[in-house]
Amino acid sequence: QVQLVESGGGLVQAGGSLRLSCAASGSIFSINAMGWYRQAPGKQRELVARIISDGITNYADSVKGRFTISRDNAKNTVYHLQMNSLKPEDTAVYYCHANLWYGGVRSDYWGQGTQVTVSS
């Protein structure tokens, strides 16, 4: 069984930084892509950043230059989202997402979400 466990959310003042981490567990064959999505109250879930297996990254325009997604150097099933220069509008629940091969099937998985609150 695959699980995605997020950590690193919290409360920070505008201009501050946070680092989110997502650890995938289970007998994963390979990860095709892993990303972070967020959902603010009353809004749809949106892609924040994504990294695919060859290392290519994609970012939402609103976070370009401030957020960086990366794969952990020691564990290739752990991914980080470094968030700098945070703004109040970054406040949301952040969800880790992975598209991966498990048990011979390629599927999407989601973490439980972690709250990020940026105060002005």
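Predicted model: local features only at pLDDT ≥ 70, side-chain atom pairs only at ≥ 80, totals over all residues.
Local features are reported where pLDDT is at least 70 and side-chain atom pairs where pLDDT is 80 or more, whereas totals for chains, interfaces and linings use all residues. Residues are numbered from 1 along each chain as its sequence is written, and side-chain values use heavy atoms, with hydrogens and water left out.

**View 1. Strand β9 and its burial.** Strand β9 covers residues 92-102, where strands are DSSP runs of E with at least two residues, numbered from the N terminus. Eight of its eleven residues are buried, so the strand is largely enclosed by the rest of the structure; buried means under 20% relative accessible area, as judged with a 1.4 Å probe on protein chains only.

View 2. Strands count as paired if DSSP finds at least two bridges between them. Strand β4 (residues 28-39) runs antiparallel to β9 and is joined to it by ten bridges, with methionine 34 having alanine 98 of β9 as its bridge partner. Strand β11 (residues 114-119) is also antiparallel to β9, with three bridges between them, and here valine 93 has glutamine 115 of β11 as its bridge partner.

**View 3. The hairpin of β9 and β10.** Six bridges join β9 to the antiparallel strand β10 (residues 105-110), and tryptophan 101 stands opposite arginine 106 of β10. Two residues lie between the strands of this hairpin, and glycine 103 in the turn has a positive phi of about 60°.

**View 4. The largest nonpolar core.** A nonpolar core is a set of buried Ala, Val, Leu, Ile, Met, Phe, Trp, Tyr and Cys residues joined through side-chain atoms within 4.5 Å. The largest one holds 30 residues, of which Met34, Trp36, Val48, Phe67, Leu81, Met83 and Tyr94 touch the most other members. Two or more residues each come from β3 (18-25), β4, β5 (46-52), β7 (67-71), β8 (78-83), β9 and β11, and β9 gives the most, with five residues. Leaving aside residues up to four places away in sequence, methionine 83 has contacts (heavy atoms within 4.5 Å) that include Leu18, Leu20, Phe67, Tyr94 and Val116.

**View 5. The surroundings of asparagine 32.** Asparagine 32 lies in strand β4 and counts as buried because its relative accessibility is 16%. Not counting residues up to four places away in sequence, asparagine 32 touches Ile52, Ser53, Asn99, Leu100, Trp101 and Arg106. Asparagine 32 and aspartate 108 are 76 residues apart in sequence, with their C-alpha atoms 9.9 Å apart in space.

Technical notes: Buried < 20%, exposed > 50% of the residue type's maximum accessible area, 1.4 Å probe, protein only. Helix = DSSP H or I, 4+ residues; strand = E, 2+ residues; numbered from the N terminus.
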